[in-house]
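I opened this model to look up its helix packing and its aromatic rings. My notes follow.

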Amino acid sequence: MLCKAHRVNNMATTMKPSNVWLLLLLLLASSSSLQAFSPLLPSSLRGPSAPPRVSRSPSRAVVMLESGRLVGLVGATGGVGRLVAAGLLQEGYKLRAIVRSPDRAAGLLPPEVEKVAADTRDPSFGAGLQVALDGVDAVIICTGTTAFPSSKWGKDGENSPKAVDDEGVKNVVAAIEKVNAASKTKIQRVTFLSSVGVLRRKQFPFNILNLYGVLDAKNEGEQAIIKASERASFSYSIVRPGRLLGGPYTGTPDVASLLQLDEGNKQAVILRSGDPDGFTGDASRKQAAMAMVQTLVQKDLGDVAFVLKNVEGPFPTQKEWDDAFRSLNDPELQGSQGPSDFSFLLEDLQRKVSKFFSQK
């Protein structure tokens with residue numbers, strides 16, 4: 001007999017995409033307090049506890065990228081990518097945007113940003129990924145797609161999670177290895193935008209988020225980077241934000257203006273090493289982007305993989321960012337974060353289902 005989790009997955013993969021939200025609501029609606037509900041789920045839905053990921057590798061030197069160095073940004077025209085571009089320029093870095101269409105990117109990024117045509121899905125497109133990355137000192141990868149089927153996946157699934165976060169990232173990693181094997185200028189650090197729940201993707205509610213494989217794909221991308229870091233001698237940063245919220249909202253090439261967006265009183269951040277049990281919450285795109293920039297700025301950062309969320313408080317000062325990154329090495333702050341509160345997820349699903357039926 002099939003287990004309950006297997007039956008749910010089979011149902012989801014055979015349903016029309018537009019009905020997925022209804023299924024999710026039915027799965028969740030039986031509990032008004034998901035914080036209490038999660039521990040009561042069958043073990044097949046909760047999955048095993050995720051061990052904390054080692055945050056630092058002593059085998060490679062600590063890397064801090066000085067201001068003025070050249071950074072290759074993959075996914076530069078996306079919602080997080082444009083904010084990363086703004087943050088890099090603000091910190092004094094030179095920037096090369098690896099984009100499918102330099103003409104389109106010209107309307108989204110400042111003129112001082114170098115724009116090179118390449119495609120993570122096709123390493124030979126345009127200049128080619130290896131040529132596009134040759135000469136950069138660090139690479140930030142912030143590509144991504146929707147977790148559930150949508151128009152963003154493309155007509156033939158060319159932008160599905162597997163194509164973007166698995167195969168696409170592996171193509172970038174292969175190009176980085178070739179660059180470091182052949183070029184005098186070595187890529188020293190690779191930073192990757194992943195997701196909270198990657199190490200807990202068999203647990204509720206991340207197993208629902210992963211119905212179409214988005215967390216599996218992110219994990220494949222992470223592992224490709226981590227394994228290649230030993231072979232190609234670069235340091236890595238895996239950034240796993242909570243549910244992404246917020247801007248940018250405009251198509252202006254003045255990306256610096258995006259950093260001035262008012263995002264209310266929840267602009268402080270909490271970082272925790274790995275993907276610990278009980279860690280939930282939202283992260284603004286701006287703070288996720290700035291955390292990626294900080295992986296280059298920090299003076300004592302080795303190999304790291306961490307989760308991130310927003311909490312009450314003002315936008316972090318540089319000292320507060322420094323303290324947040326130092327907290328990754330505090331054993332008292334790691335491990336389980338207590339009972340999980342997924343009430344925000346239920347509210348989000350309710351809104352999506354209401355919107356779905358209102359369009360009928």
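I began with helix 5 and what its buried residues touch. They pack against strand 1 (70-74), strand 2 (94-99), strand 4 (138-141), strand 5 (189-193), strand 7 (243-245) and helix 11 (285-297). Contact here means heavy atoms within 4.5 Å. Helices (H or I, at least four residues) and strands (E, at least two) are DSSP runs, numbered from the N terminus.

I noted the ground rules next. This is a predicted model, where local features need pLDDT of at least 70, side-chain atom pairs count only at pLDDT 80 or more, and totals for chains, interfaces and linings use all residues. Residues are numbered from 1 along each chain as its sequence is written, and side-chain values use heavy atoms, with hydrogens and water left out.

Back to helix 5. I found nine of its twelve residues buried (under 20% relative accessible area; exposed is over 50%, partly exposed in between; 1.4 Å probe, protein chains only). Among them are Val80, Leu83, Val84 and Leu88. I checked the length of helix 5, residues 79-90: its end C-alpha atoms are 17 Å apart, which agrees with the 16 Å that twelve residues should span at 1.5 Å a residue (1.5 Å times one less than the number of residues). Gly92 follows helix 5 with a positive phi, near 90°.

Then the rings. How many aromatic pairs does a search of the whole structure find? I got four. Rings of Phe, Tyr and Trp (its six-membered ring) pair if their centres lie within 6.5 Å; planes under 30 degrees apart are stacked, over 60 edge-to-face, the rest tilted. Phe306 and Phe325 are edge-to-face, at 5.4 Å centre to centre and 80° between the planes. This pair links distant parts of the chain, from Phe306 in strand 10 (residues 304-311) to Phe325 in helix 12 (residues 318-326), 19 residues apart. Phe306 is buried at 0% relative accessible area, and Phe325 is buried at 4%.

Phe325 also pairs with Trp321, tilted, at 6.3 Å and 40°. Trp321 and Phe325 are four residues apart in helix 12, so about one helical turn separates them. Trp321 is buried too. Elsewhere, ring pairs join Phe148, Trp153 and Tyr212 into a cluster.

Mean pLDDT (the predictor's confidence in each residue, from 0 to 100) is 82 for the protein chain, and 71% of its residues reach 70 or more. Residues 1-15 are below 50, with 15 contacts beyond near neighbours in sequence. Residues 25-59 also stay under 50, with 73 contacts beyond four places in sequence.
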